[in-house]
Number of protein chains: 2
Amino acid sequence: MKIRLAQINPTIGDLQGNSALIEQTIADAENDTIDLLIFPELAVCGYIPLDLLERPAFLDDIYQTNEELVDHSRDTAVLFGTVTPNESETGRSCFNSAILARDGKVQAEVHKALLPTYDVYNELRYFEPDNTFECVEFEGHQLGITVCEDIWHNFELPYITYDINPTKELINGGAEAIFNLSASPYTRNKPAKRKQMLCQRAREFNVPVFYVNQVGSNTELISDGDSMVIDHTEDVIARAPLFEETAVDVHWNPKEDVIEQTEPPAEGAKPIEQMFGALQLGLRDYLEKTQITDKVVVGLSGGIDSALVAVIAVEALGAENVVGITMPSKFSSEGSVTDSQELAQNLGISCHEIVIKDIYKEFTQLLHPFFEDTEFGTAEENIQPRIRGTLLMAYSNKFRHMLLNTGNKSELAIGYCTLYGDMSGGLSMIGDLYKSEVYEMARWLNNVYFDDNIIPPQILRKPPSAELRPDQADTDSLPEYDTLDAILKAYIEEQVSIDVIADRGYDPDLIKRIISLVDNMEYKRFQGVPILKVSDKAFGSGRNMPVVQQWSHNFRD
Amino acid sequence: MKIRLAQINPTIGDLQGNSALIEQTIADAENDTIDLLIFPELAVCGYIPLDLLERPAFLDDIYQTNEELVDHSRDTAVLFGTVTPNESETGRSCFNSAILARDGKVQAEVHKALLPTYDVYNELRYFEPDNTFECVEFEGHQLGITVCEDIWHNFELPYITYDINPTKELINGGAEAIFNLSASPYTRNKPAKRKQMLCQRAREFNVPVFYVNQVGSNTELISDGDSMVIDHTEDVIARAPLFEETAVDVHWNPKEDVIEQTEPPAEGAKPIEQMFGALQLGLRDYLEKTQITDKVVVGLSGGIDSALVAVIAVEALGAENVVGITMPSKFSSEGSVTDSQELAQNLGISCHEIVIKDIYKEFTQLLHPFFEDTEFGTAEENIQPRIRGTLLMAYSNKFRHMLLNTGNKSELAIGYCTLYGDMSGGLSMIGDLYKSEVYEMARWLNNVYFDDNIIPPQILRKPPSAELRPDQADTDSLPEYDTLDAILKAYIEEQVSIDVIADRGYDPDLIKRIISLVDNMEYKRFQGVPILKVSDKAFGSGRNMPVVQQWSHNFRD
């Protein structure tokens with residue numbers, strides 16, 4: 001049995017584009033005499049259309065597309081993820097389903113049972129869960145078909161313990177192999193964790209596992225692909241590269257339980273390299289799928305964050321599509337301009353300079369009647385990034401370059417950033433990387449990826465500073481980033497208590513101060529830029545914290 | 001049986017403050033020899049703590065508070081809404097529950113069955129649904145206790161049809177009355193709809209209904225109170241005023257099925273008056289519950305939107321806590337300043353003037369090297385609101401006045417607003433009011449509420465304009481607001497198709513253009529200010545649309 005895993009990149013809501021892509025892939029598979037062609041979860045509408053799924057007209061469009069795709073099937077059986085209607089009089093309108101089609105007919109329909117409702121997932125908002133588990137017969141064999149979460153059953157999942165195990169139900173029903181259609185977003189830990197989980201399933205149930213994942217980015221979520229086939233002895237027979245549209249072919253002989261690969265499995269990259277790939281795909285897809293522009297503009301401060309963002313942008317889009325602008329104020333160090341220029345030269349991008357000294361002075365003069373008896377403070381500091389934001393957005397508006405946001409996760413966590421200033425932009429490139437990860441990636445770029453100091457070494461060496469007042473350093477008001485990041489990660493990602501963090505050797509008062517900052521700054525993040533998610537818990541739609549809340553108040557005093 | 005409905009205003013996460021409020025209310029009820037004292041849904045932790053509910057330490061704090069409250073109960077039985085642990089090995093960690101306590105002991109626990117997952121609700125993300133329905137015996141009578149959504153079973157609910165009817169199950173189990181603990185947010189239609197639903201339940205099951213709702217605002221959601229008692233003949237025996245912390249007492253004689261009121265039910269206000277009350281409460285509670293400041297600043301443009309926001313702010317906070325700033329540019333009409341000053345005088349607030357002509361010129365000079373061969377366009381227009389945003393935020397930062405956002409729903413829908421410019425602020429006061437509702441409320445204020453032109457009549461008369469280029473009017477690029485609002489409401493709130501809207505007499509090309517604008521502007525709203533919700537579908541956390549999506553693309557050409 002020739003099986004092809006089609007690791008495709010659908011766009012949310014683009015039913016015409018996605019079905020054209022699926023049809024072309026079907027035609028290629030027919031040519032290659034593939035027996036079974038498998039597409040990912042929600043291949044027809046992209047993952048996930050969110051509240052578009054509440055619109056009857058949108059659902060009708062999907063159902064019509066399903067019919068056209070089924071009509072299109074010939075000798076090659078096609079298994080594809082899509083939305084199907086719930087014909088029952090109760091429950092939600094639709095299922096998250098897999099349709100098996102051949103010879104222009106629906107052979108089987110399977111609906112997702114486990115609908116995740118944590119982090120970025122709110123699938124019970126849209127889909128009716130299924131609780132029937134029947135194998136699908138195909139060429140005399142029993143296939144166990146699952147959709148994404150179904151196969152993850154209680155494998156290190158947060159906050160919920162499912163009482164149904166779809167894979168086990170299907171095995172009990174006689175499944176000779178498990179198939180899984182996914183739209184699983186990348187996180188730094190995901191490829192390793194995913195492989196571990198799939199191998200465990202193969203071992204546990206002594207069957208091969210065929211896993212097909214979407215690739216491609218939709219706003220915050222970057223599906224990484226990583227489709228793979230694992231045999232019943234836990235051998236990874238085939239594995240698709242991450243972040244690429246591709247197809248993986250295997251020959252499965254169910255009688256002898258042998259799977260042959262046609263190509264060796266892709267070699268796994270290191271986490272930092274994967275993350276670099278994820279961010280590039282995230283940026284490229286955002287621009288391609290919104291069709292707003294090919295070009296981006298980055299404010300270059302001379303610091304490590306904007307330098308890293310510029311490098312990612314150039315690798316993703318090409319130097320000709322990236323413009324840097326450096327905007328020194330009276331508090332900027334000399335390196336702010338010269339280091340930015342050196343970086344731009346290394347990258348082959350233009351670097352414009354706009355000096356904001358005079359316009360800052362103009363603002364302070366306009367405000368003088370109100371501010372005259374006050375001391376220099378946050379108000380004055382924030383004027384500077386807001387002038388820069390205004391200039392960058394003017395450039396962006398005029399030349400249709402999307403402004404890239406350059407803030408990191410550590411800053412965003414504690415609110416060490418200015419609303420409408422450096423918090424501006426169309427997409428946040430590194431808003432899910434802690435400052436220590438920013439350094440890690442920058443060093444890896446200089447030492448390994450480029451084997452050359454693409455980022456000028458002095459940018460890596462200089463102490464982090466917002467440069468908004470004389471001789472400012474981040475450590476004036478913050479601990480060293482290693483300490484800060486460890487506390488932030490424990491609180492935000494592990495969600496553990498103060499006591500647990502203190503047991504790791506951090507000062508309880510410092511922990512409380514940092515946690516209070518995180519909680520108090522929710523109002524800033526509410527208005528934040530969409531962030532490319534690369535961690536298990538990113539700021540954005542997967543972390544829903546109330547803006548108005550007083551829990552932390554209990555330990556604030 | 002003396003029953004008291006305690007319409008209280010808890011703060012999310014403030015377990016100490018909320019339990020102090022509950023304990024004081026219990027003490028008062030003991031003094032008044034109340035038999036049964038009823039608090040709203042999630043009275044202990046506020047509605048809704050969102051992802052705080054994923055933190056074990058937060059749940060433990062709630063459980064401890066529950067125990068303290070139970071310990072506190074004496075002769076008066078206390079029924080209160082809170083979170084309780086799910087002791088089962090599967091499912092989510094906790095239930096959304098009601099605890100009945102008396103004499104320091106738990107008499108009964110009831111868990112919510114219907115967990116809404118539409119609009120602002122994602123309760124299946126947090127709570128395990130219950131599917132057992134047992135009446136609670138109290139003084140020889142069978143009480144049917146429900147939590148919020150349980151009693152709404154399929155009464156005009158969007159997107160889901162429940163297959164379980166908790167009220168009916170309880171009636172079948174012998175319930176002599178239905179009790180409902182709610183945290184139900186206000187919308188323009190809600191008070192009428194709520195009463196209709198409760199009366200229908202009383203009629204359908206021939207029992208009295210005791211309904212206790214939270215009052216108070218938490219970020220976007222304004223619970224309106226409106227607690228009421230309806231007897232089995234559908235008579236509204238008692239009804240609490242909206243937007244006030246209060247208590248309602250009734251005597252219920254279950255044997256004779258007679259309920260006596262102690263006070264006449266509150267008189268219902270008109271929808272526009274209710275909405276005005278809701279917005280005031282929303283602002284007051286935001287400031288009180290975040291404890292950031294008592295004062296606000298409003299940019300006054302001379303237009304109707306900022307005028308309305310200033311009036312609401314003055315009514316909510318007092319004139320001494322509101323500051324207006326008018327910032328004319330070279331494109332501003334004369335009335336921009338003089339009308340703002342007249343409004344400020346009427347309201348008794350100060351109105352500062354900052355002329356932005358020169359600083360705008362400075363920006364264009366700074367950008368001249370890049371812009372010199374281009375025509376005046378959006379880039380130049382947007383610089384002006386961004387200068388204003390920077391000045392307002394500087395004032396806000398310096399004097400700790402929260403900036404109020406003054407954008408309306410019509411503008412926000414079609415993106416007729418500038419990110420980091422007029423989209424700035426801590427809270428959006430009228431972002432859920434269509435432009436036509438802004439006029440409706442302004443007229444009602446002038447003609448009825450104040451019976452005097454508190455808003456200068458010329459502000460109501462002048463054609464709407466952003467005043468960002470010479471002789472600009474909103475109708476240059478947009479239809480009249482009545483037409484625009486009708487199309488927007490059909491698309492955003494009713495979620496109906498283009499055909500349905502066209503059948504109402506609107507030009508299909510205009511509909512398509514407007515819908516495309518709405519969909520294309522999702523990226524702006526992603527970064528929007530929290531909006532006080534007063535409609536069935538507000539922009540904000542109850543409307544989750546993908547930023548990157550191409551569905552509308554199908555009809556864009």
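Reader: How many bridges join β1(B) to strand β2 (residues 36-38) of chain B?

Author: In this predicted model, β1(B) and strand β2 of chain B run parallel, with I3(B) opposite L36(B) in β2(B). Strands here are DSSP runs (E, at least two residues), helices are runs of H or I with at least four, and both are numbered from the N terminus; two strands pair if DSSP finds at least two bridges between them. For β1(B) and β2, the number of bridges is 3.

Reader: Good start! Before we go on, at what pLDDT do side-chain atom pairs count?

Author: Residues are numbered from 1 along each chain as its sequence is written, chains are lettered from A and ligands numbered from 1 in the order in which they are written, and side-chain values use heavy atoms, leaving out hydrogens and water. Totals for chains, interfaces and linings use all residues of the predicted model, local features need pLDDT of at least 70, and side-chain atom pairs count only at pLDDT 80 or more.

Reader: Back to strand β1 (residues 2-7) of chain B: how many of its 6 residues are buried?

Author: On its other pairing, β1(B) runs antiparallel to strand β16 (residues 246-253) of chain B, joined by 6 bridges, and A6(B) stands opposite A247(B) in β16(B). Buried means under 20% relative accessible area, exposed over 50% and partly exposed in between (1.4 Å probe, protein chains only). Strand β1 of chain B is largely enclosed by the rest of the structure, because its buried residues number 5 of the 6.

Reader: Which strands stand at the edges of the open sheet of 5 strands in chain B?

Author: The order of that sheet is β20-β19-β18-β21-β22, with parallel pairing. Each edge strand has a single partner, so one of its sides has no neighbour in the sheet; the two are β20 (350-353) and β22 (427-428) of chain B.

Reader: And at about what angle to β21(B) does helix α6 (residues 271-290) of chain B run?

Author: Within the sheet, β18 (residues 296-299) and β19 (residues 322-326) of chain B are joined by 4 bridges and run parallel, and V296(B) stands opposite V322(B) in β19(B). Helix α6 of chain B lies across β18, β21 (402-405) and β22. Axes are lines fitted to C-alpha atoms, for helices over the stretch in contact (heavy atoms within 4.5 Å), and angles run from 0 to 180 degrees between N-to-C directions. For α6 against β21(B), the angle is about 150°.

Reader: Let's turn to chain A. Which residues does UniProt list under "active site", and what is their largest C-alpha distance?

Author: The unreviewed UniProt entry places this feature at E41(A), K112(A) and C148(A). Although they are spread over 108 residues of sequence, they cluster in space, with a largest C-alpha distance of 9.7 Å. UniProt positions follow the numbering used here, feature names are shortened, and annotations may be inferred rather than shown by experiment. So the record's residues are E41(A), K112(A) and C148(A), and the distance is 9.7 Å.

Reader: Is K112(A) buried or exposed?

Author: K112(A) sits in the loop between β6 (105-111) and β7 (136-138) of chain A. Beyond four places in sequence, the residues that K112(A) touches include E41(A), C148(A) and D150(A). With a relative accessibility of 1%, K112(A) counts as buried.

Reader: What is the relative accessible area of C148(A)?

Author: C148(A) lies in the loop between β8 (141-147) and α3 (149-152) of chain A. Among its contacts beyond four places in sequence are E41(A), K112(A) and N180(A). C148(A) is buried, and its relative accessible area is 9%.

Reader: Which residue of chain B is in contact with N382(A)?

Author: N382(A) is in helix α10 (residues 378-399) of chain A and counts as buried at 11% relative accessibility. Leaving aside neighbours within four places in sequence, N382(A) is in contact with T418(A) and, in chain B, with N397(B).
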